[in-house]
Amino acid sequence: MKLLSLASMALMAATALPAMAQVSDEKVKIGILNDQSGVYADFGGKWSYEAAKMAVEDYGGKVLDKPIEVITADHQNKPDIASNIARQWYDTEEVDAIMELTTSSVALAVQGISTEKKKINIVTGAATTELTGAQCSPYGFHWAYDTHALAVGTGGALVEQGGDTWFFLTADYAFGYSLEEQTGNFAKSKGGTVVGAVRHPLATPDFSSFLLQAQASGAKVIGLANAGLDTANAIKQAAEFGIVAGGQRLAALLFTLAEVHGLGLDAAQGLTLTEGFYWDRDDQSRAFARRYFERTNRMPNMVHAGTYSAVTQYLKAIDKAGTDETEAVAKELHEMPVNDLFAANGKVGQNGRMIHDMYLMQVKTPDESKEPWDYYDVLATIPGDEAYIKPSESGCPLVTQ
Amino acid sequence: MTMIFGIPIQALLGQLLVGLINGSFYAMLSLGLAIIFGLLRVINFAHGAQYMLGAFVGYLLLAHFGIGYWPALILVPLIVGLASMIVERLALSRLYDVDPLYGLLFTFGLALVIEGAFRYFYGVSGQVYTPPSQLSGGTNLGFMFLPNYRGWVVVASLIVCLGTWLLIEKTRLGAYLRAATENPILVQAFGVNVPLLLTLTYGIGSALAGLAGIMAAPVYQVSPLMGSNLIIVVFAVVVVGGMGSILGAIVTGYMLGLAEGLTKVFYPEASNIVIFVIMAIVLLVRPAGLFGRDA
């Protein structure tokens with residue numbers, strides 16, 4: 001009798017299990033891995049960590065009745081350091097997903113590890129289209145923006161305004177190449193030409209030498225295929241060398257609200273740029289941004305808002321799948337539409353690309369700006385299908401035609 | 001147009017001038033380092049932070065007290081110098097008797113603390129410091145457009161370097177300083193206050209970093225990272241020039257600025273390592289540095 005009841009209990013337990021929520025190690029743990037001390041520390045940095053924590057709090061702190069924890073680390077823009085942290089997180093600290101991953105070289109390295117370990121990673125901070133192209137992963141997602149969207153946005157706008165000859169100042173790593181190539185190709189497809197390019201090392205304080213070469217090239221547009229503090233320094237020094245006054249235009253290909261704030265409107269006014277988010281767009285984004293401001297004393301850019309969106313969507317996917325098991329969550333992430341303060345009717349392609357609208361902005365003049373952080377005029381909305389490469393054309397081997 | 005190695009000579013002249021401007025900063029910074037190392041035997045890793053501090057003090061003076069660039073040129077080195085002298089009195093002076101490694105570790109830690117504090121309060125994107133109205137705009141030299149401010153930087157740094165060199169090599173105070181490092185006990189026996197001299201030396205070296213900082217503020221973003229981006233290069237300059245050699249630091253500063261400028265024309269990808277390649281070669285051929293005395 002005793003044996004029978006034991007057996008039936010075991011049977012009950014066994015049949016009940018699949019229906020019950022499955023969360024590995026009784027906790028969902030999200031790691032925010034990015035640059036927190038280098039040139040991209042304002043672009044993403046600890047501000048992304050705050051956004052992720054905010055997303056978890058707004059979600060109620062629990063998913064499937066299990067607690068959610070967010071941890072963070074500084075990868076110093078070095079792929080080797082990032083890889084070590086990622087392995088440690090996955091192997092010994094029970095991290096379920098890594099997000100943010102500013103710097104393309106780092107994101108590619110960590111996405112490789114995530115694929116190998118069968119873990120989800122959602123990139124919001126890095127730009128290269130390789131992440132959803134040749135090096136795509138069944139568990140890898142690319143959320144906020146990419147080099148193609150920036151090229152279509154800023155490149156397209158300037159070519160239309162007559163900027164048909166380009167010279168590039170390019171950061172000497174994967175992201176810079178990708179941005180230069182795609183913007184160049186886009187300009188060429190619209191009848192423009194690329195007259196030259198110069199590659200500079202990451203974190204260069206002085207751009208004068210490169211700017212002189214750009215000036216001598218006579219190109220109508222100088223494309224800054226770099227990011228963060230590098231772009232800010234280049235713009236500041238371009239003004240010093242009379243480049244804009246001399247009739248050449250600057251195109252900051254990756255420039256966000258955080259860098260505009262650092263540079264100030266005096267130096268940044270008139271810049272054309274592309275972002276996936278602007279806090280002063282609608283009531284929902286304003287409400288979120290004001291709450292974010294109370295925590296951080298700064299307004300979010302697309303990386304911060306994108307990280308909030310990615311964390312929220314990941315938690316929704318776990319809820320819907322009823323488990324935090326990677327395959328099931330990845331399936332939900334691929335299928336669920338994204339509707340939140342960051343994206344309206346966003347959809348995720350088979351290559352992991354989250355396709356959503358992008359915005360072409362112009363930086364206001366100091367006179368036009370009514371309040372702190374009132375920096376952009378939204379010139380145009382670029383529909384997601386135009387901004388991003390179609391999954392079928394991305395070169396990602398996972399996409400079935 | 002005349003060409004050299006496929007580059008128009010006009011463009012090359014422009015690049016050389018830009019190299020000279022960067023060299024001016026290298027020279028001013030490595031000069032301070034060389035003085036501190038030469039006289040105190042302290043490897044001052046806080047030099048980059050003191051340079052950053054100079055730029056930030058200038059920015060804060062302008063933002064909060066409305067004190068402009070010209071008074072700041074005097075005030076900033078004084079403030080940075082005084083703050084450094086306090087640090088020297090309270091902490092660094094206690095490390096002179098132990099292995100030089102401790103001084104290095106202390107100043108390195110200090111640099112991390114200062115940078116971390118500024119990063120916490122100001123973020124990394126930096127602040128903007130506009131050049132004084134007298135020096136805004138630029139002059140067309142025919143071969144390039146030279147911002148007036150950068151022209152001023154070259155002139156000012158030459159004056160500062162020459163002045164410091166004269167102070168150390170040609171004045172009574174300089175003679176005391178040099179004597180105090182050669183044989184502190186004997187100098188003290190003559191009634192000279194050696195600890196005070198050492199404090200003063202650290203103050204002067206740090207003030208030079210602060211001065212370079214305020215001069216750099218209108219050119220670069222005033223960011224907590226500006227020092228750490230530069231400090232390693234400046235160390236390489238001091239090593240190439242010969243540790244402790246003041247003349248060596250000045251000449252090498254300008255030379256490496258030019259070498260870097262040329263690299264940016266011919267092979268820009270290598271521009272951040274060319275100085276270290278030169279350093280490696282110099283160390284192989286002349287381990288004491290170009291201007292160093294063989295120990």
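## A quick tour of chains A and B

In chain A, Ser104(A), Ser105(A) and Leu108(A) from helix H4(A) meet Ala174(A), Phe175(A) and Ser178(A) from helix H6(A). Sorted by type, the residues of this contact come out as three nonpolar, three polar and no charged. Keep in mind as you look around that this is a predicted model.

**How H4(A) and H6(A) cross**

- H4 covers residues 104-117 of chain A and H6 covers residues 174-189, and their axes come within 7 Å of each other.
- The crossing angle is roughly 110°, and angles from 65 to 115 degrees count as roughly perpendicular, so that is the label for H4(A) and H6(A).

**Chain A as a whole**

- If you tally up the secondary structure of chain A, you get 14 helices and 15 strands.
- Buried residues account for 58% of the 401 residues in chain A.
- Take the contacts in chain A between residues at least 6 apart in sequence: 73% of them join residues at least 24 apart.

**A helix pair in chain B**

- Over in chain B, helix H2 (residues 47-65) and helix H9 (residues 226-241) have axes that come within 8 Å and cross at roughly 140°.
- That angle makes H2(B) oblique to H9(B), and the crossing is right-handed.
- On the H2(B) side, the residues that meet H9(B) are His47(B), Gly48(B), Ala49(B), Tyr51(B), Met52(B) and Ala55(B).
- Their partners in H9(B) are Met226(B), Gly227(B), Ser228(B), Leu230(B), Ile231(B) and Val234(B).
- By type, the residues of this H2(B) and H9(B) contact split into eight nonpolar, four polar and no charged.

**Where the two chains touch**

- Chain B puts 29 residues into the contact, and chain A puts in 31.
- On the side of chain B that touches chain A, the elements giving two or more residues are helix H1 (9-40), strand E4 (145-147), H9 and helix H10 (246-266) of chain B.
- Which element gives the largest share of that side of chain B? H1(B) does, with five residues.
- The residues on that side of chain B divide into 13 nonpolar, 13 polar and three charged.

Notes
Residues are numbered from 1 along each chain as its sequence is written. Chains are lettered from A and ligands numbered from 1 in the order in which they are written. This is a predicted model: local features need pLDDT of at least 70, side-chain atom pairs count only at pLDDT 80 or more; totals for chains, interfaces and linings use all residues. Helices (H or I, at least four residues) and strands (E, at least two) are DSSP runs, numbered from the N terminus. A residue is buried if 20 or more other C-beta atoms lie within 10 Å of its own, exposed if 12 or fewer, and partly exposed in between; C-beta atoms are placed from the backbone. Two residues are in contact if their C-beta atoms, placed from the backbone, lie within 7 Å. Axes are lines fitted to C-alpha atoms, for helices over the stretch in contact, and angles run from 0 to 180 degrees between N-to-C directions. Angles under 35 degrees count as roughly parallel, over 145 as roughly antiparallel, 65 to 115 as roughly perpendicular and the rest as oblique. A crossing is left-handed if the near helix is turned anticlockwise from the far one by less than a right angle, and right-handed if clockwise. Ala, Val, Leu, Ile, Met, Phe, Trp, Tyr, Cys and Pro count as nonpolar, Asp, Glu, Lys and Arg as charged, and the others, Gly among them, as polar.
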